[in-house]
Amino acid sequence: GAKSSGKNKYIFFNNEMIDRLKERMEIEEILRDSINNDGFVLYYQPIIDAKSYEVVSFEALLRLRNHNISPAKFIPIAEDTNLIVLIGEWVIKESLMQLKGWKEKGYKLKPIAINVSPAQIKDKSFPKKVEGMLEEFNIEPFYIELEITENIMLENHDDVINTLRQLKDIGVKIVLDDFGTGYSSINYLTYLPVDKVKLDKSLSDRFLTHDALIVKNLISFVKSLNLKVVAEGIETKVQRDLLKEIGCDFIQGYVFSKPVPSEEIESKFLE
Ligand code: C2E
Ligand code: MG
Ligand code: MG
Ligand code: MG
């Protein structure tokens, strides 16, 4: 009635909203603290050739050293607060430092795929920064792959494409991550300057159902654009074998290895 709706006007926050806000503020504090106190660490997940099972590259995945909070939770907060720009720069430097370290230990290098957020791509000086960091650590651009999502298309299209072109001119590879989750993926693919497409786990999962044909046609389409295809989140041998059969180039997932610390990469996957 009138009385209760009148009362509701003054309730802007309920307990659940307050808890959520509190949690976000706590995580923001943890992120700031981690930037200043070496609180981040990179894990690496191998990406394998679908035919030979040879490890071809590694994806760098961010972790908090002292907190059990998943990236799915803290990355969006880092993005909302723009802390992702500083964190993202650390991720690139750390990856390059890792490559330099592996090189000095005499390992045969393999490329590292690095996730980058729209806010990083939005920065017009990003390609110059990447080029500078490659020079600083004396790493060839071939060893860096930047994973972007189609969220970057929420920024100015021409600027984004321009920045991606500059990165490709430097010699860095571009991967379209989480493909198949958005609305316009197929459309973007025809004009985004990318080298590789990574099928999202949600697609890999549908693969075993009656949607298998959709995934198969999607892979054919991507390959018709002369792009390489990676499938992520592959957990079973059945998925792995089917993907190989229909011409998927690379596979990433627990069936082969979960993301692991760099020492484990060295002992298991580097020569
Ligand atoms: P993503 O880039 O799509 O990374 C793949 C995610 O799938 C990773 O989750 C990985 O651990 C997980 N994964 C790999 N194989 C399997 C599997 O077989 N089964 C299942 N269930 N999961 C698998 P993670 O490490 O929790 O990262 C989640 C997301 O956070 C990433 O998704 C990426 O969008 C973001 N992220 C992680 N590190 C960074 C970073 O350094 N910078 C930015 N901007 N984003 C990052
Ligand atoms: Mg990724
Ligand atoms: Mg992905
Ligand atoms: Mg994903």
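The model is predicted, with local features requiring pLDDT of at least 70 and side-chain atom pairs pLDDT 80 or more, while totals for chains, interfaces and linings use all residues. Residues are numbered from 1 along each chain as its sequence is written, chains are lettered from A and ligands numbered from 1 in the order in which they are written, and side-chain values use heavy atoms, without hydrogens and water.

Two of them link distant parts of the chain: Asn115 sits in strand S3 (residues 112–115) and Asp177 in strand S5 (residues 173–179), 62 residues apart. Helices (H or I, at least four residues) and strands (E, at least two) are DSSP runs, numbered from the N terminus.

Buried means under 20% relative accessible area, exposed over 50%, and partly exposed in between (1.4 Å probe, protein chains only).

Next is the magnesium ion (ligand 3). Its donors are Asp177 (OD), Asp178 (OD) and Glu232 (OE), at 2.0 to 2.8 Å, and their spacing in sequence is D-D-x53-E. Asp178, at 25% relative accessibility, counts as partly exposed.

The largest pocket holds about 1,200 Å³ of space. It is lined by 38 residues, and the closest to its centre are Leu61, Pro71, Asn115, Asp177 and Asp178. Elements giving two or more residues to this lining include strand S2 (55–64), helix H3 (71–80) and helix H4 (83–104). The lining of the largest pocket divides into 14 nonpolar, 13 polar and 11 charged residues.

The second largest pocket has about 160 Å³ of space. Among the residues that line the second largest pocket are Val56, Phe142, Lys173 and Phe250.On terms: on a 1 Å grid over the protein atoms alone, a pocket is an open set of points with protein on both sides within 12 Å along at least five of seven lines, and lining residues have an atom within 4 Å of a point. A volume is the space filled by probe spheres set on the points. Asp, Glu, Lys and Arg count as charged, Ala, Val, Leu, Ile, Met, Phe, Trp, Tyr, Cys and Pro as nonpolar, and the others as polar.

How values were computed. On a 1 Å grid over the protein atoms alone, a cavity is a set of points where a 1.4 Å probe fits but cannot get out, and a pocket is an open set with protein on both sides within 12 Å along at least five of seven lines; lining residues have an atom within 4 Å of a point. Donors are N, O and S atoms within 2.8 Å of the metal (3.2 Å for Na, K and Ca); water is not among the atoms, so sites may look incomplete.
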